[in-house]
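Biologist: I'm new to reading structures, and I'd like a close look at one single part of this one. Could you take me through the part around the aromatic pair, and show me how it sits in the whole chain?

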Amino acid sequence: MTMLQAMLYLFVYFLLTIPVFLGLAFVGQVRGSVRARRASELVLVTGIAALVPVVLHRALDVPALWPAVALLVVLLVIGVVLRVRSYSRSA
């Protein structure tokens, strides 16, 4: 597998997480399902994690994308920290 194929797979995974996240968040909101909401949060965090290497790879060629890389990393860290805190509070 080449680097280009890996980046393509990660980007496609990221694109697929968007409707899955929206669907799970909608189900969680309508039915009040905690599991659906947590699953949507997990899908969102993994989608961001999949997008980081794609943008990072592109930022090596285009230095103007470094703020986007930094923003994605910050969103990923904040998302993980919030999830860990909410899980430890509910336990």
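Modeller: Happy to! Let's begin with the overall layout: the chain has 3 helices and 0 strands, so reading from the N terminus on, the order of elements is α-α-α. Please keep in mind that this is a predicted model. Along the principal axes, the C-alpha atoms fill a box of roughly 45 × 25 × 20 Å. The chain has 91 residues, and buried ones make up 22% of them.

Now for the part you asked about. Searching the whole structure turns up 1 aromatic pair. Its partners are Phe-11 and Phe-14, whose ring centres are 6.3 Å apart. A pair of aromatic rings is described by the distance of the centres and the angle of the planes. Here the planes of Phe-11 and Phe-14 meet at 35°, so the pair is called tilted; planes under 30 degrees apart would count as stacked, and those over 60 as edge-to-face.

Phe-11 has a relative accessible area of 35%, so it counts as partly exposed.

A polar atom in the side chain of Thr-17 lies 2.5 Å from the backbone oxygen of Phe-14. Is Thr-17 buried or exposed? Its relative accessibility is 7%, so Thr-17 is buried, the cut-off for that being under 20%. Leaving aside neighbours within four places in sequence, Thr-17 is in contact with Val-43 and Gly-47.

Stepping back to the whole chain, we can look at contacts between residues at least 6 apart in sequence: 50% of these join residues at least 24 apart. The accessible surface of the chain is about 6,400 Å², and carbon and sulfur atoms account for 74% of it.

One last stop, on charged side chains. Side chains of opposite charge can pair when their charged atoms come close. The structure holds 1 salt bridge, formed by Arg-58 and Asp-61, with the closest N and O atoms 3.9 Å apart. Asp-61 is exposed, at 57% relative accessible area, while Arg-58 is partly exposed, at 46%.

How values were computed: Residues are numbered from 1 along each chain as its sequence is written. This is a predicted model: local features need pLDDT of at least 70, side-chain atom pairs count only at pLDDT 80 or more; totals for chains, interfaces and linings use all residues. Side-chain values use heavy atoms; hydrogens and water are left out. Rings of Phe, Tyr and Trp (its six-membered ring) pair if their centres lie within 6.5 Å; planes under 30 degrees apart count as stacked, over 60 as edge-to-face and the rest as tilted. Buried means under 20% relative accessible area, exposed over 50%, partly exposed in between (1.4 Å probe, protein chains only). A polar contact is a pair of N or O atoms within 3.5 Å; within protein, one must be able to donate a hydrogen and the other to accept it, and residues adjacent in sequence count only if both atoms are side-chain atoms. Contact means heavy atoms within 4.5 Å. A salt bridge is a side-chain nitrogen of Lys or Arg within 4 Å of a carboxyl oxygen of Asp or Glu. Helices (H or I, at least four residues) and strands (E, at least two) are DSSP runs, numbered from the N terminus. Accessible areas come from the Shrake-Rupley method with a 1.4 Å probe; for residues, only the protein chains shown count as cover.
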